[in-house]
Amino acid sequence: MSCGDPHETECGEVLDHLYEFLDNEMAEGDCAKLRVHFDECSPCLEKYGLEQAIKALIKRSCGCDDTPTDLRAKVLARIDSIRTQRSGEVDTSVIEVSAVSVEVTVEGAAGHGSAVATAE
């Protein structure tokens, strides 16, 4: 996606890092670049606002549910596995993660919606 206007940080790069920005997982300098871009680019600002609203809806709707301990352990193990692979080491372990689904429905501008998260 691109708004067609020139920016110091391209729209595609901003959208590639949108979730890192939303989750406060970026360095402050990178966050500042995205904030400047959002000030200049209304399509990216709109996408940011939508993703921020969906994240808030999921948090409100699913915030009381605890993650099953075994699922959390499997996901963290898989993340470690991927990190190991990316660092150049060979990882031969295979982790089977049970089905996890998240369904989000956002309706209308009034902000009504629902979210469902399940783990089997």
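Good morning, colleagues. In this predicted model, local features need pLDDT of at least 70, side-chain atom pairs count only at pLDDT 80 or more, and totals for chains, interfaces and linings use all residues. Residues are numbered from 1 along each chain as its sequence is written, and side-chain values use heavy atoms, with hydrogens and water left out.

I begin with helix H3. Helices are DSSP runs (H or I, at least four residues), numbered from the N terminus. The 13 residues of H3 should span 18 Å at 1.5 Å a residue, and the end C-alpha atoms of H3 are 19 Å apart, which agrees. The expected span is 1.5 Å times one less than the number of residues.

Which residues of H3 are buried? They are Cys-31, Leu-34, His-37 and Phe-38. Buried means under 20% relative accessible area, exposed over 50%, and partly exposed in between, with a 1.4 Å probe and protein chains only. Seen down the axis of H3, the buried residues fall within an arc of 120 degrees, so they line one face of the helix; the arc is that of the directions from the helix axis to the C-beta atoms. The face turned away from that buried side carries the exposed residues Glu-28 and Asp-39. The buried residues of H3 pack against helix H1 (11-16), H2 and helix H4 (42-62), where contact means heavy atoms within 4.5 Å.

I turn to the core. The largest nonpolar core has 12 residues, among them Val-14, Phe-21, Leu-34, Phe-38 and Tyr-48. Such a core is a set of buried Ala, Val, Leu, Ile, Met, Phe, Trp, Tyr and Cys residues joined through side-chain atoms within 4.5 Å. H1, H2, H3 and H4 each supply at least two residues of this core.

Next come the aromatic rings. Rings of Phe, Tyr and Trp (its six-membered ring) pair if their centres lie within 6.5 Å; planes under 30 degrees apart count as stacked, over 60 as edge-to-face and the rest as tilted. By this rule there are three aromatic pairs. One of them, Phe-21 with Tyr-48, is edge-to-face, at 5.5 Å centre to centre and 65 degrees between the planes. This pair links helix H2 to helix H4, 27 residues apart. Phe-38 and Tyr-48 are stacked, at 4.8 Å and 25 degrees.
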